[in-house]
Amino acid sequence: MEDAVRTELMEALRPIVKRKGLLENASLKSYTTLGLGGPAELLCSVTAAEQLPEILRAASKLGVPVTVLGNGSNTLVRDGGVPGLTLLIADGMAEVSDPVPLPDGRYALTAQAGAPLTKLANAAADASLAGLEFAAGIPGTVGGAVAMNAGAYGGEIKDVLLGATCVGMTGETNHYTNADMHLGYRQSRLNDPSLPRELLTSATFALAPGDGDAIRVAMREFNARRREKQPITLPCCGSTFKRPPGAFAGTLIESCGLKGLRIGGASVSTQHAGFLVNDENGTASDYLRLIAEVQRIVFEKTGVRLEPEVRIIGVDA
Ligand SMILES: Cc1cc2nc3c(=O)[nH]c(=O)nc-3n(C[C@H](O)[C@H](O)[C@H](O)COP(=O)(O)OP(=O)(O)OC[C@H]3O[C@@H](n4cnc5c(N)ncnc54)[C@H](O)[C@@H]3O)c2cc1C
């Protein structure tokens with residue numbers, strides 16, 4: 001951004017967000033679970049859905065590109081950082097409603113986009129509502145989970161989403177049904193480049209009454225499986241690659257003998273080959289080279305092209 005544009009944008013944003021909510025040249029390492037990459041040129045923490053139309057209008061008017069982050073648990077920031085305005089939709093917008101009965105016997109829970117998925121899953125369990133057990137250990141926000149149609153252990157957001165409220169880049173609010181959100185394997189209308197850009201502000205989930213104890217048991221069981229099988233204590237982004245048709249990325253990578261393969265500070269987890277971890281304070285360049293090397297070897301040995309699931313943002317150093 002040119003200096004004059006940045007100054008004008010900051011002047012427009014200051015009355016909308018709190019003083020501490022706007023940071024120049026802010027390192028994004030602590031805003032992503034991979035903990036690498038460069039800074040956001042301008043980082044703005046959103047604390048209310050009502051702020052978004054004004055923020056987006058101000059950025060659009062000045063032609064400033066907008067990037068959105070939730071918990072950054074599926075995001076790789078390149079070493080040169082993210083030009084333009086990066087919006088953080090996380091703890092400042094994290095309310096989860098009480099359950100509301102629906103005509104079909106289910107109950108609706110509405111969560112703001114920044115609510116942790118675990119908070120939503122726990123709210124459902126507290127109310128003995130079934131359907132979100134799979135989400136208990138996914139470290140994303142509701143916004144990131146809907147955008148990615150997050151899923152695990154046979155469940156996915158698509159199974160339980162009733163509707164979503166989004167805001168477009170010129171500030172208009174749109175309400176969508178589950179079908180309108182075009183949820184597919186790790187995709188949605190929110191990351192479909194052929195559709196106008198929109199940000200999620202809240203989502204409503206329809207959940208069936210269930211047995212509270214059984215729901216808690218399932219959540220604990222899924223979390224135990226994660227702790228046993230996944231390197232969840234190391235900086236990572238979950239599965240780095242999408243599941244290729246008819247196979248598992250981790251199994252293919254392991255079958256190629258790549259567990260432990262290292263480039264700089266990034267390596268293929270020795271615990272679960274589908275997880276590429278930043279275990280020795282690596283750079284985005286290390287991590288991207290490791291992705292490319294794994295893709296090259298797996299393709300050579302198996303003919304399968306692995307596609308990254310992690311969203312790669314920003315510019316090279
Ligand atoms: C240890 C670990 C385990 C994981 N396990 C799983 C798993 O089992 N299943 C699974 O599916 N994923 C898993 N993940 C990946 C990740 O947690 C999910 O994809 C999660 O849903 C991402 O949410 P987030 O808020 O962190 O998104 P971010 O990484 O912040 O963003 C991801 C994408 O969503 C977009 N986005 C975020 N918020 C909004 C919004 N409000 N409006 C519009 N777009 C938005 C971003 O622009 C970006 O394109 C795992 C990650 C880790 C680190």
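Colleague: How many of the six residues of strand β7 (residues 107-112) are buried?
Modeller: Bear in mind that this is a predicted model: local features need pLDDT of at least 70, side-chain atom pairs count only at pLDDT 80 or more, and totals for chains, interfaces and linings use all residues. Residues are numbered from 1 along each chain as its sequence is written. "Buried" takes 20 or more other C-beta atoms within 10 Å of a residue's own, with C-beta atoms placed from the backbone (12 or fewer is exposed, in between is partly exposed). β7 is largely enclosed by the rest of the structure, because its count of buried residues is five.

Colleague: Which strand do six bridges join to β7?
Modeller: Strands here are DSSP runs of E, at least two residues long, and helices are runs of H or I of at least four, numbered from the N terminus. Two strands pair if DSSP finds at least two bridges between them. Q112 stands opposite S202 in β13. The strand joined to β7 by six bridges, running antiparallel, is β13.

Colleague: And in the hairpin of β6 and β7, which residue takes a positive phi?
Modeller: Two bridges join β6 (residues 100-101) to β7 in an antiparallel run, and P101 stands opposite Y107. Five residues lie between the strands, and the one with a positive phi near 95 degrees is G105.

Colleague: Which element gives the most to the shell around the ligand?
Modeller: Of the 33 residues around the ligand, G70, G140, G143, G144 and G238 come nearest; being near means a C-beta atom, placed from the backbone, within 6 Å. Elements giving two or more residues are β3 (66-69), α4 (142-148), β9 (151-152) and β13 (198-209). With five residues, the top contributor is α4.

Colleague: How many residues does domain 3 give to its contact with domain 1?
Modeller: By an automatic or database domain assignment, the chain splits into domain 1 (3-92), domain 2 (94-229) and domain 3 (249-312). The C-alpha centres of domain 1 and domain 3 lie 29 Å apart. Contact means C-beta atoms, placed from the backbone, within 7 Å. Domain 1 puts in 10 residues, and the number from domain 3 is 10.

How values were computed:
Two residues are in contact if their C-beta atoms, placed from the backbone, lie within 7 Å.
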